[in-house]
Amino acid sequence: MVIIGIPSIIIDLDERFRLNAIAAILFHVGYLLLVVAVVMLFRSDARAWFSRARVAPDT
C-alpha cells in the first residue's frame with residue numbers, strides 16, 4: 001500500500017506545501033522512511049533475519 005500511494009503523494013505535493021511547509025516536510029520524511037522500510041523487507045539478507053534458524057551457537 002505504501003508503494004501504491006506514491007502517485008497520490010506526488011500529486012498532493014504542492015498542496016501540502018501551500019498549507020503548512022513544516023508539516024509537509026515532516027510528512028514526506030516519514031513517508032520516505034516507510035518506503036525505505038518496505039524496500040529493506042525484500043533484500044536478500046532479510047530472508048535470513050526472518051528465518052527461525054539461529055545465527056550464532058549458544059555459548
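Me: Why is the pair Asp14 and Arg18 called a salt bridge?
Reply: The closest N and O atoms of Asp14 and Arg18 are 3.4 Å apart. A salt bridge needs a side-chain nitrogen of Lys or Arg within 4 Å of a carboxyl oxygen of Asp or Glu, so the pair qualifies. Both residues lie in helix H2 (residues 13-19), 4 residues apart, about one turn of the helix; a helix here is a DSSP run of H or I with at least four residues, numbered from the N terminus.

Me: What kind of model is this, and how are residues numbered?
Reply: The model is predicted: local features need pLDDT of at least 70, side-chain atom pairs count only at pLDDT 80 or more, and totals for chains, interfaces and linings use all residues. Residues are numbered from 1 along each chain as its sequence is written, and side-chain values use heavy atoms, with hydrogens and water left out.

Me: Why is Arg18 called exposed?
Reply: Its relative accessible area is 63%. Exposed means over 50%, buried under 20% and partly exposed in between (1.4 Å probe, protein chains only), so Arg18 counts as exposed.

Me: What makes Asp45 partly exposed?
Reply: Asp45 has a relative accessible area of 44%, which puts it in the middle class. Asp45 also meets Arg43 in a salt bridge, at 3.2 Å from N to O.

Me: How do you know that the buried residues of H3 are on the same side?
Reply: Ala24, His28, Tyr31 and Val35 are buried in H3. They cover an arc of only 65 degrees around the axis (taken from the directions from the helix axis to the C-beta atoms), so they share one side of H3. Ile22, Leu26 and Leu33 are exposed on the other side.

How values were computed:
Helices (H or I, at least four residues) and strands (E, at least two) are DSSP runs, numbered from the N terminus.
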